[in-house]
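Subject: Model for you to look at

Hello,

Here is the structure I promised. My notes follow below it.

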Amino acid sequence: MNHRSLPGELHDDDRRASAAPPSRSRPPRRPLRPRLCGLLAAAALAALGCGAGSAGQPASAAPPPAAMTPAQIAARATPAVVTIRGDGSLGAGFLVREDGWIATNFHVIAGISDLKVVLWDQSEHPVLEVLAFDEDRDLAIVRIHAPRKLPLLPLGDSRAVRPGDPVVAIGHPLGLADTVSNGLVSAVRVVDPALTLLQISAPIAPGSSGGPLFNERGEVIGVAAAVATQGQNLNFGVPADYLKKLLVHPDPVPLSTFAAETADEEQALPAVKRSVPHHALGILRGCTDGDLLVLARTMDGAIQVGSPLYNQGDFASCYHVYEGASLDMERRLGRACRGPKQALAEGRRKAAGLDDNAAQAWAMRDAFDGLLDVILRKVHGDPD
């Protein structure tokens with residue numbers, strides 16, 4: 001196991017810094033570290049029939065407990081699934097010890113010195129330290145101060161997983177918390193002697209990285225890690241047995257030290273000229289409180305996902321996330337909520353007239369920021 005850790009001391013700190021909004025000045029977050037990215041590509045090629053075939057794992061001889069439905073698994077497991085937010089990062093994680101140990105992906109936390117964990121009750125808790133990590137397999141364990149005994153998830157035997165087994169995933173795609181999806185284990189991919197990946201049909205989207213993958217008994221058999229799009233949608237998870245090894249030998253390091261050691265080098269981003277529209281409060285005439293909630297939550301979720309993509313230099317994906325969110329909001333808003341619909345349509349029209357993906361992304365972001373500003377002014381009772 002290529003487990004690298006940094007020296008540090010176990011400590012506790014209840015100080016909670018305010019979360020910073022996604023910023024284009026952050027160093028870009030790599031969605032996968034280099035080795036795993038290359039190995040993922042190899043697994044994707046194998047899945048498409050262009051590489052070596054998969055090698056199955058032996059099944060357990062013990063009679064399995066009664067199977068659970070996806071709804072039963074979700075009801076039992078959701079209180080132990082968390083959101084992990086940082087400056088320019090959004091991911092998932094899950095509790096593996098009741099005193100605040102949380103498993104996630106390495107790439108969700110790498111290089112970020114201020115991380116917040118949002119528990120099921122919506123309370124926020126700062127990450128105090130990184131207990132262990134495995135960069136090659138994209139795994140990490142972090143610790144928060146547990147305000148009470150927290151629910152945890154049982155780890156299953158990922159060596160017993162076979163192609164065709166049912167799988168359930170819980171994550172936060174596009175910032176939509178506690179989204180449940182199900183599917184099958186498509187294959188068990190032995191990428192090299194040091195790494196096996198679970199290829200699954202349950203979808204993994206940005207924001208779901210680090211979330212748990214369950215077998216039909218509600219045991220965690222993997223950690224959602226990545227999606228590849230070479231010809232078709234291919235989703236991968238890291239087997240839970242690698243996570244068990246990290247739990248056995250924790251080597252705590254302060255989050256600030258970990259962030260400094262794993263930060264990416266600064267990447268120059270295009271110069272931007274903002275043009276955020278200033279709307280009168282009248283633009284919200286005809287909009288219900290439900291409409292405003294849809295607008296605020298959807299735009300915030302899109303920014304949480306799009307901003308890291310932009311900071312990575314993936315301007316086109318950022319633009320498409322914003323554009324898709326805009327179309328989704330228009331469909332969901334009431335017929336009388338005309339002003340925001342027109343503002344979103346104007347943002348898309350302006351973006352469509354540009355020939356640069358970075359500029360298109362910022363045109364949509366300007367439209368979002370203008371609407372968020374007027375919603376905040378209405379909520380705060382500011383005069384027009």
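Does Y322 count as buried or exposed, and at what relative accessibility? Y322 counts as buried, because its relative accessibility is 2%. (Buried means under 20% relative accessible area, exposed over 50% and partly exposed in between, with a 1.4 Å probe and protein chains only.)

Some ground rules. This is a predicted model, where local features need pLDDT of at least 70, side-chain atom pairs count only at pLDDT 80 or more, and totals for chains, interfaces and linings use all residues. Residues are numbered from 1 along each chain as its sequence is written, and side-chain values use heavy atoms, without hydrogens and water.

Now the rings. The structure holds six aromatic pairs. (Rings of Phe, Tyr and Trp, the last by its six-membered ring, pair if their centres lie within 6.5 Å; planes under 30 degrees apart are stacked, over 60 edge-to-face, the rest tilted.) Y310 and W362 are edge-to-face, with centres 5.6 Å apart and planes at 80°. Both Y310 and W362 are buried. Y322 and F368 also pair edge-to-face, at 5.5 Å between centres and 65° between planes. F368 is buried, at 0% relative accessibility. Ring pairs also join F106, F133 and F258 in a cluster.

Two charges sit over rings. (That takes NZ of Lys or CZ of Arg within 6 Å of the ring centre and within 35 degrees of the ring normal.) R97 has its charged end over W101, 3.8 Å from the ring centre. R137 lies over the face of Y242, at 4.2 Å.

Best wishes
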